[in-house]
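Trainee: Hi, could you walk me through this one? I'd like to go from the overall layout down to single residues.

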Amino acid sequence: MGSPVVCVVGFHHARGPEIENWFGVEDGVDPATDHEWSSLPFMALSDGAHASTEDFSYFTLRRRSSPKGPATSAFGISCTRQMDASQLLNRPAEVTRSTVQKAVVVIANSPQLFGHLREKLSMVTGAWFAQR
């Protein structure tokens, strides 16, 4: 993983936090499965995120060794937002709770730009939720 990758994590009322989409990876590739990042959705949508409109989480992940190199660390930042489900323009049947929670997550090789990235994630996530 040379460039940062992005995923969207949502909260499903029956299954809990789960990865909905990946961006910046080839079709059919799931970095969470490839690197055994089963805890990624839980770190991205932190416990207690429902208590605020916007929240951020920072975390590390272990990238498994591969023929390309040894095991290393990957760094994640997530911006979690929630909104009242009644404000959705198209409310899917699986939305059974009063709020919708989602996180936009960036996973990178280094956390050096996370201060700047936090501001950008906030703007992107806010614009996305404004589409309802």
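Trainee: In what order do the elements of the protein chain run from the N terminus on?

Mentor: They run β-β-α-α-β-β-β-α. That gives three helices and five strands, where helices (H or I, at least four residues) and strands (E, at least two) are DSSP runs numbered from the N terminus. Do keep in mind that this is a predicted model: local features need pLDDT of at least 70, side-chain atom pairs count only at pLDDT 80 or more, and totals for chains, interfaces and linings use all residues. Residues are numbered from 1 along each chain as its sequence is written, and side-chain values use heavy atoms, with hydrogens and water left out.

Trainee: What pLDDT does the protein chain average?

Mentor: The average is 83, and 80% of the residues score at least 70. pLDDT is the predictor's confidence in each residue, from 0 to 100.

Trainee: And where is confidence lowest, and where highest?

Mentor: Helix 3 (residues 114–130) is lowest with a mean of 81, while helix 2 is highest at 94.

Trainee: Nice. What share of the residues is buried?

Mentor: Buried residues are 37% of the 132 in the protein chain. The cut-offs are under 20% relative accessible area for buried, over 50% for exposed, and partly exposed in between (1.4 Å probe, protein chains only). As for the accessible surface, the protein chain has about 7900 Å², with 51% of that belonging to carbon and sulfur atoms. Those areas come from the Shrake-Rupley method with a 1.4 Å probe, and for residues only the protein chains shown count as cover.

Trainee: Let's go to the start of the chain. How many bridges join strand 1 to strand 2?

Mentor: Seven bridges join strand 1 (residues 5–12) to strand 2 (residues 16–23), and the two run antiparallel. Strands count as paired if DSSP finds at least two bridges between them. A hairpin of three residues connects strand 1 to strand 2.

Trainee: Which residue in strand 2 is the bridge partner of V6?

Mentor: V6 has F23 as its partner, and C7 stands opposite W22.

Trainee: Is strand 1 mostly covered or mostly open?

Mentor: Mostly covered, since six of its eight residues are buried.

Trainee: Which residues have the most contacts inside the largest nonpolar core?

Mentor: They are V9, W22, W37, L40, L61, V105 and I107, in a core of 15 residues. Strand 1, helix 2, strand 3 and strand 5 (99–108) each give two or more residues to this core. A second, separate core has eight residues, including I77, V104, V106 and F114. By nonpolar core I mean a set of buried Ala, Val, Leu, Ile, Met, Phe, Trp, Tyr and Cys residues joined through side-chain atoms within 4.5 Å.

Trainee: What is V9 in contact with?

Mentor: Apart from neighbours within four places in sequence, V9 is in contact with residues including P17, I19, P41, A44, Q101 and V105. Contact means heavy atoms within 4.5 Å.

Trainee: And S57, buried or exposed?

Mentor: S57 is buried, with a relative accessible area of 9%. S57 is found in strand 3 (residues 54–63), and, not counting residues up to four places away in sequence, S57 touches M43, A44, S46, G76, I77 and S78.

Trainee: New topic: how many salt bridges does a search of the whole structure find?

Mentor: Four. A salt bridge here is a side-chain nitrogen of Lys or Arg within 4 Å of a carboxyl oxygen of Asp or Glu. One of them joins E18 and R15, whose closest N and O atoms are 2.8 Å apart. E18 is partly exposed at 23% relative accessible area, whereas R15 is exposed at 55%.

Trainee: Which side chain meets R64 in a salt bridge?

Mentor: E36 does, at 3.0 Å from N to O. R64 lies in the loop between strand 3 and strand 4 (72–84) and E36 in the loop between helix 1 (31–34) and helix 2 (40–44), so the pair ties together parts that are 28 residues apart in sequence.

Trainee: What about R81?

Mentor: The R81 side chain meets E54 in a salt bridge of 2.9 Å, N to O. Because R81 lies in strand 4 and E54 in strand 3, this pair links parts that are 27 residues apart in sequence.
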